[in-house]
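Biologist: I have a model open on my screen and would like a guided tour. Could you take me through it?

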Amino acid sequence: MEGRGHSVCSAYALRVMSRSEAITRWWNQAGNRALLFQVLLMLSVVLFFFLIGATALSNLEKQGITSGFSFLSQKAGFGIIQTLVSYNESSTYGRTFLVGLLNTILISVLGIICATALGFLIGIARLSSNWLIAKLSAIYIEIFRNLPLLLQVFFWYFAVLRSLPLPRNSLQLGDWFFLNIRGIYIPRPLPEQGFVLLGIIFLMSIAGICALKIWARKYQEKTGTELPLLPASLAIFIIPSAITWFTTGQPLYWEVSSLQGLNFKGGLIVIPELAALLLALTVYTSSLIAEIVRSGILSVNHAQTEAARALGLPQRKILRLVVIPQAMRVMIPQMTSQYLNLVKNSSLATAIGYPDLVSVFAGTSLNQTGQAIEIIAMTMAVYLTINLTISWLMNRYNARVLLQEQ
Amino acid sequence: MKKCVISSMAALLLMMSVIPITAGTLDEVKKRDTVVCGVSTGLPGFSSTDEKGHWKGLDVDGCRAVAAAVLGDAGKVKYVPLNAKERFTALQSGEIDVLVRGTTWTKHRDTALGLNFAGVNYYDGQGFMVSKKLKIKSAKELDGAIFCIHAGTTSELNLADYFAKNSMKYEAIVFDTHDQAAKGFEAGRCDCLTADQSQLYALRTHLSKPYDAVVLKDVISKEPLGPVVRQGDDAWFNVVRWSFFAMLNAEELRVTSANVDAMRRDSVNPAVRRLLGLDGDKGQSLGLPNDWSYQIIKQVGNYAEIFRRNVGSGSSLKIERGLNALWKDGGIQYAPPMR
């Protein structure tokens with residue numbers, strides 16, 4: 001009896017459901033409808049950009065302006081002062097793109113490294129208990145983060161450059177290093193026979209140091225005794241390489257710059273444009289990073305420091321092992337923004353003639369070919385790619401240092 | 001909701017089918033009552049502002065001539081200062097009506113950029129400026145030198161060509177504007193400043209010690225500089241081209257801003273009468289008022305006058321007429337007859 005009642009009931013429910021399904025058509029269901037609008041929106045966005053592209057193309061054609069990417073294989077015909085890959089006047093526009101791209105990456109990487117190092121130093125100094133150091137750092141931060149970056153670039157380039165001597169009266173350090181208005185000249189290392197062996201030995205000794213560190217850590221975890229690693233590491237670092245160096249007969253030749261005619265020739269040269277731009281980017285960004293470091297450190301509860309002190313950790317270890325790792329969680333998202341800004345700011349290079357992507361490709365190449373849309377699109381794509389890569393790397397790092405909650 | 005979506009889509013489609021800026025610059029200028037003229041960011045003698053903020057120079061007078069012809073008032077010009085990299089885009093996009101900015105006429109620019117050169121208002125050539133202290137007499141002694149250049153100019157290409165031809169080496173530092181390049185030269189960053197010779201003379205006047213620098217005699221390129229308009233707008237092209245020819249013809253016929261009123265009243269020379277719009281088809285075929293050329297000469301002057309005033313003996317640049325003299329005086333400036 002009971003079973004029968006149940007089946008009647010479910011048959012009724014089924015009937016009601018099928019009727020209501022007939023009333024609510026599929027497009028009237030909330031889920032489907034949301035999906036439909038998403039698809040429509042997506043299509044209209046695609047259509048929007050397609051129409052913009054098509055209109056631009058047809059307008060260019062109507063105005064008699066050449067378009068397309070065939071210019072990349074044409075001969076560029078102009079010189080570039082700093083190239084990381086081989087380049088000369090008969091190279092193509094595609095090559096100038098590569099040269100500019102590498103120069104942009106060079107300044108960005110150098111800038112990020114220097115700004116981070118200096119920023120950490122200043123940020124920690126700002127919290128120093130030494131009144132003078134803390135105040136000097138505060139002044140540094142307030143001056144450099146409040147001045148427009150372009151002005152700082154001009155300052156380092158035109159004001160500082162002007163006070164340097166001409167090549168004939170170069171400042172010099174021994175017979176090796178020269179400084180004048182044309183740049184910083186340093187000896188260029190030229191590897192000779194046997195250098196590969198030296199390189200292998202060097203890498204092996206570094207691997208040895210790493211192994212030693214891991215072993216020492218395990219030993220400490222087991223016994224609680226901390227081993228003095230520095231002397232042993234130094235010995236591993238220096239002795240094998242030094243022996244190889246002398247037995248292979250010093251397989252590295254240093255090419256020194258010398259004054260020939262109007263300018264110095266030979267050796268490695270750091271052009272003043274690179275030096276000035278790096279200085280400006282480093283100083284400006286480090287003042288912002290210093291504040292991030294300070295806020296990160298202050299965000300760590302003071303009780304943590306006190307607890308570490310109660311455990312008997314020395315002050316330097318408290319900073320390195322307790323405070324900084326926790327501060328990182330606060331700092332990394334903000335540091336990412338600063339890195340992205342630094343990469344974008346490096347395009348100010350064009351103001352002082354450092355041959356970065358904007359100056360070489362979106363500048364000279366654009367003007368010689370007149371193909372603004374293609375070149376600007378490529379340049380934007382480059383900055384987007386570089387910055388998305390930085391974001392991605394930093395986010396991964398951030399995920400690693402995040403507090404592992406249980 | 002649905003209506004809103006549909007109507008916004010329709011608006012979007014309408015916006016998309018924008019007609020490109022081609023014909024009709026002349027009508028637009030008349031309606032706007034101003035000529036928008038692209039000039040340099042500051043090059044003495046060609047286009048720069050004086051202490052009162054007024055634009056002066058040979059290129060500026062080119063703009064003023066067009067305004068005098070079309071609107072009857074040489075003052076109705078809006079100047080847009082552009083650096084070398086921006087100039088073509090500004091013209092192509094319709095931001096300016098005409099570009100008079102020491103722009104070299106080359107095949108590529110004339111054919112691939114959707115532009116037309118309406119004439120040559122200054123025949124120039126690329127030269128070198130060095131410090132007197134270097135005691136350099138010829139460009140051949142510049143092997144291994146460092147050069148300061150203005151970005152996006154033909155100078156960059158000519159320099160590479162010249163050094164390749166003579167198998168010499170060089171390095172180039174590329175600046176955004178003329179002024180910055182000159183500053184780099186003055187600071188000693190480079191041995192040599194290279195640009196069109198006229199520009200070198202002009203930039204030299206801006207150095208703190210102008211006479212410590214010399215412009216070498218060597219000229220390494222042909223640089224015909226002239227006004228540029230958009231391709232495909234022939235009516236406007238004609239107006240710009242003939243505004244310049246009117247000034248050349250006026251010099252040839254010795255009509256100046258001082259004597260133009262007397263000439264208009266008394267002259268019996270048929271060529272002068274045609275020039276001043278008294279006989280012939282006057283301004284009709286150009287779509288301009290009958291007194292268009294009279295207004296140019298009255299308000300701006302003939303070519304000899306604007307040359308002397310801006311870059312010649314009446315200016316601080318003191319450039320000789322040279323190639324820019326009329327053909328009958330040994331130069332190559334030559335205008336077709338006005339008839």
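Here are some questions and answers about this model.

Modeller: Before we start, this is a predicted model, in which local features need pLDDT of at least 70 and side-chain atom pairs count only at pLDDT 80 or more, while totals for chains, interfaces and linings use all residues. Residues are numbered from 1 along each chain as its sequence is written, and chains are lettered from A and ligands numbered from 1 in the order in which they are written.

Biologist: What is the strand order in the open sheet of five strands in chain B?

Modeller: Strands (E, at least two residues) and helices (H or I, at least four) are DSSP runs numbered from the N terminus, and two strands pair if DSSP finds at least two bridges between them. The edge strands of this sheet, each pairing on one side only, are β10 (170-175) and β12 (213-215) of chain B. The pairing is mixed, and the order is β10-β9-β11-β8-β12.

Biologist: In which sense do β9(B) and β10(B) pair?

Modeller: Strand β9 covers residues 145-150 of chain B, and six bridges link this strand to β10(B). In one of them, Ala145(B) has Tyr170(B) as its partner. The sense of the β9(B) and β10(B) pairing is parallel.

Biologist: Is β11(B) enclosed or open?

Modeller: Five bridges join β11(B) to β8(B) in an antiparallel run, and Val130(B) has Cys192(B) as its bridge partner there. With β9(B), the pairing of β11(B) is parallel over two bridges. A residue is buried if 20 or more other C-beta atoms, placed from the backbone, lie within 10 Å of its own, exposed if 12 or fewer, and partly exposed in between. Five of the five residues of β11(B) are buried, so this strand is largely enclosed by the rest of the structure.

Biologist: Which strands does helix α8 of chain B touch?

Modeller: Axes are lines fitted to C-alpha atoms, for helices over the stretch in contact, and angles run from 0 to 180 degrees between N-to-C directions. Helix α8 (residues 197-204) of chain B packs on the sheet, with its direction at about 125° to that of β11(B). The strands that α8 touches are β8 (126-131), β11 and β12 of chain B.

Biologist: How do α3(A) and α12(A) run relative to each other, roughly parallel or roughly antiparallel?

Modeller: Helix α3 (residues 93-126) and helix α12 (residues 357-369) of chain A pack with their axes 7 Å apart, at an angle of about 160°. Angles under 35 degrees count as roughly parallel, over 145 as roughly antiparallel, 65 to 115 as roughly perpendicular and the rest as oblique. That makes α3(A) and α12(A) roughly antiparallel.

Biologist: Which element gives the largest share of the side of chain B that touches chain A?

Modeller: Two residues are in contact if their C-beta atoms, placed from the backbone, lie within 7 Å. By that rule, 40 residues of chain B are in contact with 37 residues of chain A. The largest share of the chain B side is six residues, and they come from β10(B).

Biologist: Is Gly283(B) buried, partly exposed or exposed?

Modeller: Gly283(B) sits in the loop between α11 (270-275) and α12 (292-299) of chain B. Beyond its neighbours within four places in sequence, its contacts include Gly277(B) and Trp292(B). With 19 other C-beta atoms within 10 Å, Gly283(B) is partly exposed.
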